[in-house]
Structure formats: structure tokens, C-alpha cells
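Please read this note with the sequence and the model side by side. The points are meant to be checked one at a time.

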Amino acid sequence: METEKPKLNIPKPGFAKAFDVLTVALFAACLVYLLLHWNRLPDQIPAHFGANGEVDRWGSKFELFILPAIAIFLWVGLWVLEKYPHLYNYINLRPDNVEIQYRYGMIFMNVTKNMSTLLMVFIMWQLTDIALERTDSLNMPIFIGILAVLFISIGYYFYRMMKL
């Protein structure tokens, strides 16, 4: 039977707060960008891309609101989870490393939250630009770069927790 994990008040690091502000600002800028160009968007916009970054499905321009909805849902959900590190499952949790494990858990959740949202921001921006014929395909190096940072971050925090 698992013993109850202590509830500690771990302050959010400054860089995590700054990352939140940056992500929310970029998300808001992307929404403003989308809304400013809404009337110029064609009725059919790119809705899916193949592995090569080329559009392989077109859909209604109203589908552009799916990504912001997903981004908001992810950001808010992970923001709530970030506040309760005692609810996470930990590997190697002991009384002598609870505080650092919680800190790592909070940072992990913050990075995952913000990188996932930035991925949605990038895709929304690209979809808008492709629909406006400013570019013809998804910028795969940036897309893969964002995914790489997300998964490298996950691996890094998993590694750090395993070492404790």
C-alpha cells in the first residue's frame, strides 16, 4: 500500500513564469494574426499535412479554430496539473528527495505545457500563411525542431528524476 505523498508549497521558478508569459503572448499574437486575416482567408484552407509537409487535406476555414481550442485545453489542463505535483507518479520518490522531485515535476509539466502550446501556435500560423498563399507547405525543419525540443525536454526530466 502506497503512503500518501506530502503536499508541499513549491514556488514556481522565475524562468517558468517567464516561459508562461512568452507562450501566452505568442498564442495571443497568433490569434490576433488569424483574426486580422480572417476576411482574406479562402473558404478552403489546409487541414492536414503529409510527412513531407505538403497539404494532403483541405477543410473549412472554421477548422482553424480547432487548434486554438486544443491549445487552450492543453495549456489550462497542464497548468492545473502543474500546481499539484503531489498527484504525479514518481519513480524513486523518497522522503529525502520529495522536494526536488516535486520541483522537477513542476518544471517538466511547465515545459510540456508551453512547448505543446507553442507547437499549436506554429501550426496555426503556418495554416494561415498557407491559406493566404504566403508559403506553400509546412516548414518541416521548424516543426521537427519544436517536436525535438518537446521530446528532448521530456527525456531530460525523466533522466534527471531517475538519477535521484
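The points below go through a helix, a set of salt bridges, the nonpolar cores and some single residues.

1. Basis of the note. This is a predicted model, in which local features need pLDDT of at least 70 and side-chain atom pairs count only at pLDDT 80 or more, while totals for chains, interfaces and linings use all residues. Residues are numbered from 1 along each chain as its sequence is written, and side-chain values use heavy atoms, with hydrogens and water left out.

2. Helix H2. Helices (H or I, at least four residues) and strands (E, at least two) are DSSP runs, numbered from the N terminus. Helix H2 covers residues 66–82, which is 17 residues. From its first C-alpha to its last, H2 reaches 24 Å, close to the 24 Å expected at 1.5 Å a residue. The expected span is 1.5 Å times one less than the number of residues in the helix.

3. The buried side of H2. Which residues of H2 are buried? They are Leu67, Pro68, Ala71, Trp75, Leu78 and Glu82. These residues lie on the same side of H2, because they cover an arc of only 110 degrees around the axis. The arc is that of the directions from the helix axis to the C-beta atoms. Buried means under 20% relative accessible area, exposed over 50%, and partly exposed in between (1.4 Å probe, protein chains only). The buried residues of H2 pack against helix H1 (14–36) and helix H3 (98–131). Contact here means heavy atoms within 4.5 Å.

4. Salt bridges of Lys12. A salt bridge is a side-chain nitrogen of Lys or Arg within 4 Å of a carboxyl oxygen of Asp or Glu. By this rule the count comes to eight salt bridges. Lys12 is partly exposed, at 22% relative accessible area. One of its partners is Asp20, with the closest N and O atoms 2.3 Å apart. Asp20 is buried, with a relative accessibility of 7%. Lys12 also forms a salt bridge with Glu82, where the closest N and O atoms are 3.4 Å apart. Lys12 lies in the segment before H1 and Glu82 in helix H2, so this pair ties together parts that are 70 residues apart in sequence.

5. Glu82 has a relative accessible area of 2% and is buried. A salt bridge joins the side chains of Glu82 and Lys113 (2.6 Å, N to O). Because Glu82 lies in helix H2 and Lys113 in helix H3, the pair ties together parts that are 31 residues apart in sequence. Lys113 is buried, as is Glu82. Lys12, Asp20, Glu82 and Lys113 are linked in a network of salt bridges.

6. The nonpolar cores. In soluble globular proteins, nonpolar side chains tend to be buried together. A nonpolar core is a set of buried Ala, Val, Leu, Ile, Met, Phe, Trp, Tyr and Cys residues joined through side-chain atoms within 4.5 Å. The largest nonpolar core has 31 residues, of which Leu41, Leu64, Met115, Ile123 and Phe143 touch the most other members. The elements that give two or more residues to this core are H1, strand S1 (44–49), H2, H3 and helix H4 (140–163). H3 supplies the largest share of this core, 13 residues. Apart from this core lies another, of ten residues, among them Ile10, Leu78, Tyr104 and Met106. Not counting residues up to four places away in sequence, Phe143 touches Leu119, Phe122, Ile123 and Leu138.

7. Thr112 has its place in helix H3 and is buried, at 14% relative accessible area. Leaving out residues up to four places away in sequence, Thr112 touches Leu78, Leu150 and Ile154. Val98 is also in helix H3 and is buried, at 8% relative accessibility. With its neighbours within four places in sequence set aside, Val98 is in contact with Pro6, Leu8 and Leu93.

8. Most residues other than glycine have a negative phi. Which loop holds Asn92? Asn92 lies in the loop between H2 and H3, and its phi is near 70 degrees, a positive value. Asn92 is partly exposed, at 34% relative accessibility. Glu133 has a phi near 60 degrees, also positive, and lies in the loop between H3 and H4. Glu133 is exposed, with a relative accessible area of 72%.
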